[in-house]
Amino acid sequence: MKRSVFLFWLGSSLVILCIPIMITLAVLLRSQHLLNSEVIRSNEALLIQVKQSMDAQVRNMKKMGLQLSLEPKVLRYLEKKDYGSPEFKLETLDLIPTLQTYAASNGDIMDFYIFLKQPGLGVSTSTMAEADILFRNFYTGKDITQDGWRAMMEKKFPGVMESMTAGDLSYIQSLPLQEMSQAPATLVVLLNTDSLKTAISSIQLAKSGSVVIVDAQSRPVMWVGERIPAADMDFQGLEGELGTVVDRHNTISYVSSEENDWKYVSIVPTKIYSAKVSQLQNWIYASMALSLLIGGCLAFWLTRRNYLPIRRMVDTVSPRVKANLNEIKNEFTLLDRFMSEHQQNLDVAEKTIRQQNEALSKHFLARLLKGRVEQGVALAQSLDSFGYQFAGSHFAVLLFYIGSYQGLFHPEQQMDEESRLQFVHLIVSNISEELLAQEHTVYSTEIDGMAAFLVNLNGEEGPEPGALEGLLDKAKEAQEIIQNKFLIQLTIGVSNIHLSQSSIPQCYEEALEALSYKFVIGQSLIIPYERIRASKNELFYPLDMERQLINHIKTGQYEEAMMAVSTLISTNLSGGILSLQSGKLLMFELIGTMLKATEHIEPQDDGLAGEKSELIGRLLGGETFAEMENMIYQFLRTVCDFIDARKRSHNTGLKEQVLEYIEEHLSDMNLSLGALSLEFNLNGPYLSRFFKEQTGETFIDYVNLQRVRLAKRLLTETNETINDITEKVGFTNSNTFIRVFKRYEGITPGQYRKGE
């Protein structure tokens with residue numbers, strides 16, 4: 001045996017100690033997750049502010065570009081062709097103040113110019129200059145060549161933000177927008193990136209990390225905050241309108257612009273917001289370790305202290321356990337095994353004693369009911385020893401005969417017949433005893449397969465008026481409950497009420513005799529002895545009715561035979577209950593009459609002979625008058641059906657002979673019902689009625705139909721004349737033939753031949 005309870009208790013204490021520690025750890029992890037989620041939501045919200053600010057700037061640029069494309073001075077200036085004329089120079093001088101006005105309207109514009117493609121001139125807010133001078137004024141020292149710049153000026157731009165040089169942003173638009181396919185000029189607005197960066201830097205997001213503007217090719221356009229080497233960042237993986245990516249070092253949030261293909265990206269180092277979480281985490285880990293150390297020591301000391309009594313108990317009971325100690329897992333199992341074995345021994349002894357006492361008690365009650373117990377002092381002592389105590393001196397006995405109970409059990413239920421019967425007796429005894437004991441003292445036993453109840457009626461001065469009716473009502477209530485709810489068929493015999501203990505055997509005999517009358521009265525009834533005392537012994541079975549029954553059977557008249565049997569039975573049962581002996585005699589008289597009626601049937605009818613033998617066997621085993629009556633009716637049906645079938649067989653043969661004769665003599669003009677009667681030696685009216693019953697048609701209609709059928713075949717298969725066909729089908733003249741043919745077919749023979 002393993003002494004594992006100590007380890008189990010110690011482990012349980014440690015597990016309980018670990019529960020709050022694990023909860024604290026889970027809260028810490030959840031806090032980290034919530035903090036990360038909060039940082040991400042904050043970054044995305046701040047980033048949306050950046051996007052809104054930049055998108056507003058782009059919209060302003062587009063609005064200004066649209067205004068310039070619609071400005072009358074700009075349109076007139078673009079329409080000029082003579083770029084060296086004084087008028088062109090005057091127009092230029094007039095245009096520059098207008099451009100200065102537009103530049104002054106937006107503080108984020110550093111400068112802008114309109115580049116005329118054809119002459120290669122540019123007009124800014126301060127002067128007009130050649131292309132090379134214009135390039136030097138704006139792009140000296142920038143990472144763009146003059147050729148690259150000139151090539152960009154020749155392109156078509158619907159109005160987009162571009163990074164022409166590193167760190168700069170420009171708004172480029174072809175002028176005028178109405179003629180973009182052949183636009184003569186390009187508008188370039190140079191944004192003040194320092195002002196934009198200052199605006200973005202004012203947002204807390206840029207103070208704690210970096211904000212990057214990325215173009216459609218995933219190239220950084222502008223950085224605000226600490227710049228991260230391009231090799232360390234992969235902006236191509238930022239897909240979707242809005243999202244966040246977390247790696248080992250940074251939390252990267254991004255949002256797409258609604259005005260162009262840019263993405264605004266924030267990069268916040270993880271260490272910025274995780275420093276406090278790390279400090280909290282360290283404190284929690286230290287408190288966990290301290291809790292485990294102190295709690296573990298206390299758990300070990302308390303477990304050892306509580307285990308000592310268990311160990312002393314184990315040392316005491318281990319020699320008394322019958323089981324193999326090596327198979328026992330721990331101390332508790334050993335103690336449980338010891339207590340279980342001890343209790344099991346007590347239960348077995350108690351159950352054996354109880355069963356023996358119960359069996360002896362019921363056996364004594366059965367002997368008492370049958371009158372096999374001596375009266376006197378010995379009886380009083382036996383009653384007292386078995387716990388039978390009678391409150392009064394009046395007794396009655398009820399016997400319950402158990403009939404069919406198959407409906408109580410499922411067909412697939414695995415239970416032997418003896419177990420089923422015991423279960424049924426238990427149901428009947430419990431329910432009936434409980435109902436009868438509501439008013440009287442009741443004891444039950446089993447006698448010859450029946451449930452017997454000895455009822456001691458309460459009251460020293462005798463039973464109250466109507467006590468017997470009260471017993472019958474309780475018996476009926478018990479019968480209804482058992483039959484309706486448990487599908488157990490019951491027949492109950494009830495004795496009269498008698499005075500003194502010595503009358504108990506007489507009560508039993510009366511109940512048994514009443515129950516035997518189930519043969520005459522029927523099953524599933526309550527039969528009091530009072531009802532059968534005045535039973536009849538006369539039997540009504542006259543000779544003329546016996547002869548009528550024999551004649552009905554011989555002629556196969558089932559309804560008449562059944563009525564005769566029913567009359568005999570109802571006559572004998574009317575006017576009181578037929579005695580048991582008279583009822584059995586009546587049944588055997590009926591069986592003898594049926595056997596007489598079937599004597600004329602040929603010996604070769606083995607099927608009916610088998611029915612006779614089977615009938616006699618079943619009738620001898622019949623338990624009730626009604627059951628034997630049903631068997632007699634079934635046998636009558638079998639015999640009458642057999643005789644009727646023989647009649648039908650004879651009629652079928654006669655029908656076939658008559659139809660064959662008609663088929664052979666269709667061409668005979670003398671074919672008639674009279675000729676047919678002479679041929680078969682039958683009465684004419686009978687033959688006419690027989691022909692109608694067998695074919696459903698009169699003789700004349702049947703013959704005419706067969707002749708028309710033959711005529712149709714001759715009309716279609718031969719070229720014979722109508723007169724020749726008339727003779728072949730048995731008509732005396734063609735007029736009669738035509739009239740009959742038209743009546744059955746609706747057309748004349750000639751029309752039929754033509755296919756009309």
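User: In what do the side chains of Lys728 and Glu720 meet?

Analyst: In this predicted model, the side chains of Lys728 and Glu720 meet in a salt bridge, with 2.5 Å from N to O. The idea rests on a cut-off, because a pair counts when a side-chain nitrogen of Lys or Arg lies within 4 Å of a carboxyl oxygen of Asp or Glu. Both partners are partly exposed, Lys728 with 39% relative accessibility and Glu720 with 21%.

User: How many salt bridges does the count come to by this rule?

Analyst: The count comes to ten salt bridges. One of them joins Arg150 to Glu154, whose closest N and O atoms are 3.5 Å apart. Arg150 is partly exposed at a relative accessible area of 30%, and Glu154 is likewise in the partly exposed class at 39%.

User: With which residue does Asp168 form a salt bridge, and which parts does the pair tie together?

Analyst: The partner of Asp168 is Lys142, and the closest N and O atoms of this salt bridge are 3.3 Å apart. Asp168 sits in the loop between β4 (160-162) and β5 (170-175), while Lys142 sits in the loop between α4 (131-139) and α5 (146-153), so the pair ties together parts that are 26 residues apart in sequence. Lys142 has a relative accessible area of 37%, which places this residue in the partly exposed class.

User: In what order do the six strands of the open sheet stand?

Analyst: The general idea is that strands of a sheet pair through backbone hydrogen bonds, either parallel or antiparallel. Here the six strands of the open sheet follow the order β3-β2-β1-β6-β5-β4, and their pairing is antiparallel. The edges are formed by β3 and β4, each of which pairs on one side only. From one strand to the next, the twist averages 25 degrees.

User: Which residues point one way from strand β2, and are they buried or exposed?

Analyst: In a regular strand the side chains alternate between the two faces of the sheet. For strand β2 (residues 121-124), Leu121 and Val123 point one way, Gly122 and Ser124 point the other way, and all are buried.

User: Why is strand β13 largely enclosed by the rest of the structure?

Analyst: Strand β13 (residues 441-447) is largely enclosed by the rest of the structure because six of its seven residues are buried. Seven bridges join β13 to the antiparallel strand β14 (residues 450-457), and Thr445 stands opposite Ala452 in β14. Their hairpin has two residues between the strands, and Asp448 takes a positive phi near 50 degrees there.

User: Which residues form a nonpolar patch on the surface?

Analyst: The patch is formed by Leu290, Leu293, Ile294, Leu298, Trp301 and Leu302, which together have about 630 Å² of accessible area. Ile294 lies in helix α8 (residues 270-317) and counts as partly exposed, at 48% relative accessibility.

User: How many helices and strands does the protein chain have, and what share of its residues counts as buried?

Analyst: The protein chain has 26 helices and 17 strands, and 41% of its 756 residues count as buried. The chain exposes about 41700 Å², of which carbon and sulfur atoms supply 52%. Among contacts with a separation of 6 or more, 63% are accounted for by residues 24 or more positions apart.

How values were computed:
Residues are numbered from 1 along each chain as its sequence is written. This is a predicted model: local features need pLDDT of at least 70, side-chain atom pairs count only at pLDDT 80 or more; totals for chains, interfaces and linings use all residues. Side-chain values use heavy atoms; hydrogens and water are left out. Helices (H or I, at least four residues) and strands (E, at least two) are DSSP runs, numbered from the N terminus. Buried means under 20% relative accessible area, exposed over 50%, partly exposed in between (1.4 Å probe, protein chains only). Patches are made of residues with over 30% relative accessible area and no salt bridge: like charges are joined within 9 Å, nonpolar side chains (Val, Leu, Ile, Met, Phe, Trp, Tyr) within 5 Å. Accessible areas come from the Shrake-Rupley method with a 1.4 Å probe; for residues, only the protein chains shown count as cover. Two strands pair if DSSP finds at least two bridges between them. Axes are lines fitted to C-alpha atoms, for helices over the stretch in contact, and angles run from 0 to 180 degrees between N-to-C directions. Contact means heavy atoms within 4.5 Å.
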